[in-house]
Amino acid sequence: MEQTFRGLAVEEMKTVWAERATDTRPRISSGWTMLDEMLNHGGFSPGEVVVLGGRTHTRKTTVMLNWVAALLRGGVSVGMVGLDEPTPSYIAKLASILTGVPHATLEDNWDDVQERLDEEVWETLRLLWMSQGYRPDIDQLTAWWDGALAPADHPRI
């Protein structure tokens with residue numbers, strides 16, 4: 001899938017801006033009022049791809065996982081590509097956010113917490129599309145996203 005980079009002429013600029021300005025689809029709340037107020041029309045546009053970046057050790061993963069948890073709790077399907085940690089780490093941290101219990105405590109009491117995880121975590125995570133934990137190239141990422149878009153509950157953000 002080869003694409004050629006090109007710029008937009010003024011007429012195309014007007015068209016794409018008009019499409020955004022007149023888009024009446026409901027926005028998706030980030031779960032944080034202050035962030036929503038800074039975003040266009042009070043939230044994320046449906047189908048928008050959001051990249052969270054920053055310097056090392058600035059709590060990007062913490063922000064991203066709390067953000068994902070807020071969206072999932074709100075019934076929003078989310079596609080997540082995590083590049084810095086193994087997949088089980090993201091799952092454990094999400095479980096911790098959703099239950100309010102440190103993930104080390106959940107793991108230390110694994111046999112005793114299964115019912116709680118069934119009630120508070122696994123049902124919520126059904127709305128999450130998560131990558132396999134490796135750095136995909138653009139073709140792999142595109143194929144993964146296209147596959148995620150097939151079901152009715154595909155990621156909305």
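Biologist: Where does Arg59 lie?
Modeller: This is a predicted model: local features need pLDDT of at least 70, side-chain atom pairs count only at pLDDT 80 or more, and totals for chains, interfaces and linings use all residues. Residues are numbered from 1 along each chain as its sequence is written, and side-chain values use heavy atoms, without hydrogens and water. Helices (H or I, at least four residues) and strands (E, at least two) are DSSP runs, numbered from the N terminus. Arg59 sits in the loop between H2 and H3.

Biologist: Is Arg59 buried or exposed?
Modeller: Buried means under 20% relative accessible area, exposed over 50%, and partly exposed in between (1.4 Å probe, protein chains only). Arg59 has a relative accessible area of 59%, so Arg59 counts as exposed.

Biologist: What is the phi of His57 near?
Modeller: His57 is in the loop between helix H2 (33-38) and H3. His57 is exposed, at a relative accessible area of 77%. Arg59 has a positive phi, near 75°. His57 is a residue other than glycine, with a positive phi near 60°.

Biologist: How do the elements of the chain run from the N terminus on?
Modeller: The chain has seven helices and two strands. From the N terminus, their order is α-α-α-β-α-α-α-β-α.

Biologist: What percentage of contacts between residues at least 6 apart in sequence join residues at least 24 apart?
Modeller: Contact means heavy atoms within 4.5 Å. The chain has 157 residues, and 29% of them count as buried. Among its contacts between residues at least 6 apart in sequence, the share joining residues at least 24 apart is 56%.

Biologist: Why are the buried residues of H6 on the same side?
Modeller: Helix H6 covers residues 114-125, and its buried residues are Leu117, Val121, Thr124 and Leu125. The arc is taken from the directions from the helix axis to the C-beta atoms. These four residues are on the same side of H6 because they cover an arc of only 105°.

Biologist: Which exposed residues does the other face of H6 carry, turned away from the buried side?
Modeller: The buried residues of H6 pack against helix H3 (60-73), helix H4 (87-99), helix H5 (103-108) and strand E2 (128-130). The face turned away from that buried side carries Glu115 and Glu119.

Biologist: Is H4 roughly parallel or roughly perpendicular to H6?
Modeller: Axes are lines fitted to C-alpha atoms, for helices over the stretch in contact, and angles run from 0 to 180 degrees between N-to-C directions. Under 35 degrees counts as roughly parallel, over 145 as roughly antiparallel, 65 to 115 as roughly perpendicular and the rest as oblique. H4 and H6 pack at about 115°, with their axes 10 Å apart. That makes the pair roughly perpendicular.

Biologist: How many nonpolar residues does the contact of H4 with H6 have?
Modeller: On the H4 side are Ile91, Leu94, Ala95, Leu98 and Thr99, and they meet H6 residues including Leu117, Val121 and Trp122. Ala, Val, Leu, Ile, Met, Phe, Trp, Tyr, Cys and Pro count as nonpolar, Asp, Glu, Lys and Arg as charged, and the others, Gly among them, as polar. The contact has two polar residues, two charged ones, and a nonpolar count of eight.

Biologist: How far apart in space are Leu98 and Val121, C-alpha to C-alpha?
Modeller: Leu98 lies in H4 and is buried at 10% relative accessibility. Not counting residues up to four places away in sequence, Leu98 touches Ala69, Arg73, Glu120, Val121, Thr124 and Leu125. Leu98 and Val121 are 23 residues apart in sequence, and their distance in space is 6.3 Å.

Biologist: Which residues is Thr61 in contact with, leaving aside neighbours within four places in sequence?
Modeller: Thr61 is found in H3. Its relative accessible area is 18%, so Thr61 is buried. Beyond those neighbours, its contacts are Glu85 and Tyr90.

Biologist: How far apart in space are Leu106 and Ser96, C-alpha to C-alpha?
Modeller: Leu106 belongs to H5 and is buried, at a relative accessible area of 4%. Leu106 and Ser96 are 10 residues apart in sequence, and in space they are separated by 7.7 Å.
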